[in-house]
Amino acid sequence: MDVHTEMLDLIGAWALDACEIDEAAAVEAHLNTCPTCAAEARRLRSAAGWLGLDGVLPVPEGLRHRTLTAARAKRPPALIRTLLGAYAGQASLLDGLLDGVRPDDWQRADPRHETVTGVVAHLAGNDAMLAADLGLRVVDIPAAAGPGVRDAWWEQTQVLMEGLADEAVLDQPVRMASSQRPPLRPLRDALVQRAFETWIHLDDIRAVIGKGQTTPPPEQVRRIVELAIELLPGALDAHGAARPGHTVRLVLDGAGGGEWTFPMGAEQPGGAEVTIQADAVEFTRLVANRRSPDTIRHSATGNQAVSAGVLRVAAMLGCD
């Protein structure tokens, strides 16, 4: 099923405000580029408005959850649509933020990419690298500051959104964004990273212009955590922090949290050497290097030096 058909299926739920956050963002991003779906969306929104004229009855508690659970049991969402929806959702939030950026905000200082323009150009460059690996069109990033860079970034996001519809490509190796030599990983991991990086830089720009942090949906937090856990054993090896035969138990609280055990290196694991407990969203900010091992709120049992080493390496996995 192509993106157009999938979005067309969701427009009815969107018109009734029954979509998840990432689904709604994916629909709204599609409506900006598809006149056919935009016309259908206006028609259904209008009908939904008329249905509500006689007064809105409160929705029975749990109805939405039961309806969505039944719908997903009948037709599970395609993984590629889920991953693209998360990416589209964060891109839509960033685009909305940039709508309100004043001309002088584009040159405000950013600690990693010099200016707000530099942050957006960095995102556009990483999106373009993924597009190139997939054989999709690469959008040139203009040298001019501000809106021109934003337009190029947004156009590149749409190329990715519209060019990816086949579930089979999720296993294709592509380059991951990295400050060092980009490692190759399956596209499914790269899409998790694109949504992750877009969220993190959304918050970077919000901080620069004096706005508060955002929090992604729980399922997106969980995907980021799971990607980090896949990468950590190799990273521990690469940074000389591996402890062959030992494991780490990671307990993350809050939305998107859970419990994971992973080896401290490439060799077969034995017993858990340390247990680290923290908030799930805070852990993803550590992975993005927006928290340090010293500032993240956490508790650790077992060898304290080992747990500090795990957190230190986790903070190097990010997408600066």
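**Cysteines**

I looked up C37 first, and in this predicted model it counts as buried, at 0% relative accessibility. Then I checked C34, which is buried too, with a relative accessible area of 10%.

How far is the sulfur of C37 from the closest cysteine sulfur? I got 3.6 Å, and that closest sulfur sits in C34.

Next I went through an open sheet of four strands. I wrote down its order as β6-β5-β7-β8, and the pairing is mixed. Which strands stand at the edges? They are β6 (258-263) and β8 (298-302); each has a single partner strand, so one side of each has no neighbour in the sheet. Neighbouring strands here are turned by 15 degrees against each other on average, direction ignored.

Strands of a sheet pair through backbone hydrogen bonds, either parallel or antiparallel. I picked out β7 (residues 272-279) and β8: they run antiparallel, and five bridges join them. One thing I jotted down is that V274 has G302 in β8 as its bridge partner.

**Helices on the sheet**

Helix α10 (residues 280-287) packs on the sheet and touches β5 and β7. Its direction makes about 105 degrees with that of β7.

I also found helix α9 (residues 218-238) lying across β5 (247-253) and β6. Helix α9 runs at about 15 degrees to β6.

Terms used. Residues numbered from 1 in each chain as written. Predicted model: local features only at pLDDT ≥ 70, side-chain atom pairs only at ≥ 80, totals over all residues. Heavy atoms only, no water. Buried < 20%, exposed > 50% of the residue type's maximum accessible area, 1.4 Å probe, protein only. Disulfide = S-S within 2.5 Å. Pairing = 2+ DSSP bridges. Helix = DSSP H or I, 4+ residues; strand = E, 2+ residues; numbered from the N terminus. Axes fitted to C-alpha atoms, helices over the stretch in contact; angles between N-to-C directions. Contact = heavy atoms within 4.5 Å.
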